[in-house]
Amino acid sequence: MGVPHLWPPLNRPPLADPNQLDYLVTFKHFCEHLRSTQPASSFDDEELQKRYAIYKENFAARQLAAFYDRHHTVEWFAEKYHPVRSVPRAEEARALRRRLYDRFVVELEAGKFDEVDFDEPENAAMTRKEWIKKEEEGGEDEAKAEGEEHGVDAAGDAKMEQYMKIDGVEQGNETVTAEQHTYKLIIKTVPPSISRKKIITMCQEVEGFEYLALSEPSPTKKFHRIGWIAFKEGTDMQAAYDKLNNKKIDDFVFHLAMHKHQPPSRTRVAPEIAATPDRLAHDLERVRRVAQVADADLGDQVDGYNLVHSRAQKVIEQRLRKRAEEDHLRVQTLADQGDDAEMEREEGEGDAEDGENESRAARERRRELEDDVWETKKQLDLFIQYLRRVHLFCYYCGSESDSIEELQRKCVDHHWRKRVAVGMTVEKGSAGKSEKSVAQWAKNLDQKIEMKIRKPTEKEIERMGGKTIESEIENFMRDFVHKEHDARYKCKIAECKKAFKGYEFVEKHIRHKHPEKFEKLEEDVLYFNNYVCDPNHLLPTTPPNPSSAAALNAAAAMQAQQQTIVSPLPILPGVLGAPPTVLPYGIPPLPIGANGAPLRIPHGFLPMQGAAPGTPFDQIPRIGFHEGGGGWAPMMGNRRLDNRQLRSTGNGNAGGRSSGAGAGGRATGGMQIGSRMENDLPLNRDLPRDPRQVKSYVDLDAPAEGDIDLNYG
């Protein structure tokens with residue numbers, strides 16, 4: 001006879017279909033669901049990874065479609081992506097870039113950007129905060145002296161002169177002076193439903209209005225935006241503020257404020273991989289292509305690519321010429337002072353001072369590598385500066401803006417590169433971050449730059465979640481062509497009921513007789529694809545995966561926080577619709593009666609409390625292990641009541657015995673609490689009993705009650 005199973009098998013509930021959930025499931029969840037739905041099939045790791053990648057693409061496509069359906073009728077969305085309504089905004093952005101281009105050409109020829117360097121300063125914290133503070137307190141000279149004391153070299157001083165001027169903070173695209181900022185007003189919030197055309201009409205009421213800039217909508221603030229109203233120099237700003245403040249558009253009141261520029265308090269720094277030689281060469285090739293594409297968008301009169309390339313070559317040649325002159329002068333000086341032995345001695349002393357024991361050939365190779373890296377950086381930095389100042393494009397962010405103010409808001413300060421030693425590999429350069437996160441950063445940046453350089457094909461757009469004209473036309477024809485039989489098809493558009501012999505004739509009829517349908521269809525497809533192809537498009541906020549580590553940690557933290565909350569009315573959660581109640585840590589819920597109502601506890605009785613760590617074993621309160629029998633052990637304060645106290649308080653039987661007591665005095669009745677009996681407690685009926693209470697024990701050697709103790713001594 002076999003041993004029966006004591007525990008029935010656990011029946012796990014089936015996993016939810018990942019395609020029906022509004023969050024991205026883990027790879028484990030996806031694989032378990034796939035195996036449970038297709039038990040007869042076997043999948044290897046490669047097949048699972050392939051299917052999971054397809055699932056993630058489909059999930060991204062669903063997100064894009066959901067966001068488009070929710071926002072495609074809103075003004076801000078249409079002004080940015082609609083093929084017709086976005087034209088005025090695009091023309092304004094092009095006009096601004098042409099003005100910035102003319103200014104950049106003058107500054108480039110004057111040599112203003114010859115010393116541009118995007119490597120992070122060695123003491124970035126000092127150069128950003130203390131530099132401005134020292135300039136305000138004691139002037140530029142004192143700030144430089146303080147910087148030298150903190151180890152900021154001359155190159156760092158030059159950077160601060162270029163990017164951190166007290167009367168004009170260099171933001172990488174425009175020198176924003178205090179005077180210019182006095183001629184701007186800030187719109188604190190702009191609803192997503194109000195068009196920029198209406199705001200411009202309102203601003204044109206003030207003489208001297210120059211332009212309007214709007215930020216990208218913020219998903220965390222119901223897609224509201226920030227606005228900047230710029231005026232010409234000499235405009236009475238107080239009068240402009242008084243006239244525009246509290247103006248109404250579509251029943252919305254606009255609240256304005258004077259724009260006061262504040263020095264940026266944070267910067268953005270690309271990871272160390274951006275400063276490795278291989279990545280520098282890769283970025284140089286990509287940034288050149290971005291510059292060519294951006295110039296082509298502004299017209300034939302813009303040729304910034306060739307101007308920047310020529311200037312970079314000129315700066316490199318000047319440095320090489322200067323280096324050659326310095327080397328020649330050094331060699332000549334040493335030759336005048338002594339012979340070749342003296343030259344070797346001088347070089348040996350220099351090596352000893354630097355702590356290097358390299359041979360002359362090794363030093364030459366290192367110097368050539370440093371020169372190559374410097375030339376690559378110089379060209380790269382000049383092109384990055386050109387894109388930022390003219391095309392309002394931050395290369396290391398991969399984002400493009402329509403206004404100077406929006407670019408400053410996205411990337412408020414100079415976007416630096418982490419400094420690394422020459423020849424450092426990717427693994428060494430990414431010591432501060434995990435290798436996976438650094439690789440993901442580089443991958444995301446390359447994807448954004450690729451979408452800026454090259455327009456994706458229809459197949460790529462479809463993979464990204466977009467639509468194709470052919471597929472949409474097929475869906476459209478399927479809805480508006482009625483097939484009666486193989487030789488008869490009808491047009492279902494509006495009141496048109498014309499019949500044709502073949503499907504292709506109906507399609508030709510719709511194209512010629514109902515062209516507005518196809519035009520609207522093509523416009524909708526282009527509208528949707530413009531949103532999909534934006535590398536920085538917004539996405540709907542999805543709930544977190546409840547099985548993810550982040551969600552579990554958040555739930556644990558919330559539970560730990562709720563353990564300190566005291567409920568005013570302790571009720572057992574989950575009984576007869578009672579709301580969940582959180583009690584202090586260690587205190588169980590109070591008992592309930594048969595009808596689900598909480599029992600009234602007499603004055604002085606407290607619920608059983610959990611013992612603190614380290615409590616002696618005999619002082620730990622227990623349920624069902626007191627002298628009088630099972631059930632709740634009554635407590636008076638922190639003391640346990642015995643049977644005599646129960647009888648004296650009326651909670652025991654008059655005869656001193658528990659009703660229905662069996663062998664060993666086990667109580668089968670109940671302790672009355674208030675007006676209710678303990679038997680009403682559903683919690684008490686199935687509680688386990690202490691085995692010592694079930695079995696009786698009698699010491700046969702002990703004298704019986706009433707016996708005489710005989711002394712045989």
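Visitor: Which residues lie nearest the centre of the second largest pocket?
Guide: Ala-60, Asn-444, Gln-447, Met-451 and Met-464 do, out of 26 lining residues. This is a predicted model, with residues numbered from 1 along each chain as its sequence is written. Local features need pLDDT of at least 70, side-chain atom pairs count only at pLDDT 80 or more, totals for chains, interfaces and linings use all residues, and side-chain values use heavy atoms, without hydrogens or water.

Visitor: What counts as a pocket?
Guide: An open set of points on a 1 Å grid over the protein atoms alone, where a 1.4 Å probe fits, with protein on both sides within 12 Å along at least five of seven lines; lining residues have an atom within 4 Å of a point.

Visitor: What's closest to the centre of the largest one?
Guide: Lys-80, Glu-400, Asn-530, Cys-533 and Asp-534, among 49 lining residues. H4 supplies the largest share, six residues. Other elements giving at least two include helix H11 (277-298), strand S11 (399-400) and helix H21 (515-532).

Visitor: Why does it lie between domains 2 and 3?
Guide: Because domain 2 (87-130 + 267-339 + 362-421 + 435-454) and domain 3 (458-533) both give residues to its lining. The bounds come from an automatic or database domain assignment.

Visitor: How many of its lining residues are charged?
Guide: 19, alongside 20 nonpolar and ten polar. Asp, Glu, Lys and Arg count as charged.

Visitor: New topic. At what angle do H1 and H2 pack?
Guide: About 110 degrees, with axes 10 Å apart. H1 and H2 are therefore roughly perpendicular (65 to 115 degrees). Axes are lines fitted to C-alpha atoms over the stretch in contact, and angles run from 0 to 180 degrees between N-to-C directions.

Visitor: Which residues make that contact?
Guide: H1 brings Phe-27, Phe-30, Cys-31, Leu-34 and Arg-35, and H2 brings Leu-48, Gln-49, Arg-51, Tyr-52 and Tyr-55. Contact means heavy atoms within 4.5 Å.

Visitor: What about H19 and H20, at what angle do they cross?
Guide: Roughly 100 degrees, and their axes come within 11 Å. In H19, Ile-473, Phe-476, Met-477 and Arg-478 meet residues of H20 including Tyr-503 and Val-506. The contact has six nonpolar, no polar and three charged residues.

Terms used
Helices (H or I, at least four residues) and strands (E, at least two) are DSSP runs, numbered from the N terminus. Angles under 35 degrees count as roughly parallel, over 145 as roughly antiparallel, 65 to 115 as roughly perpendicular and the rest as oblique.
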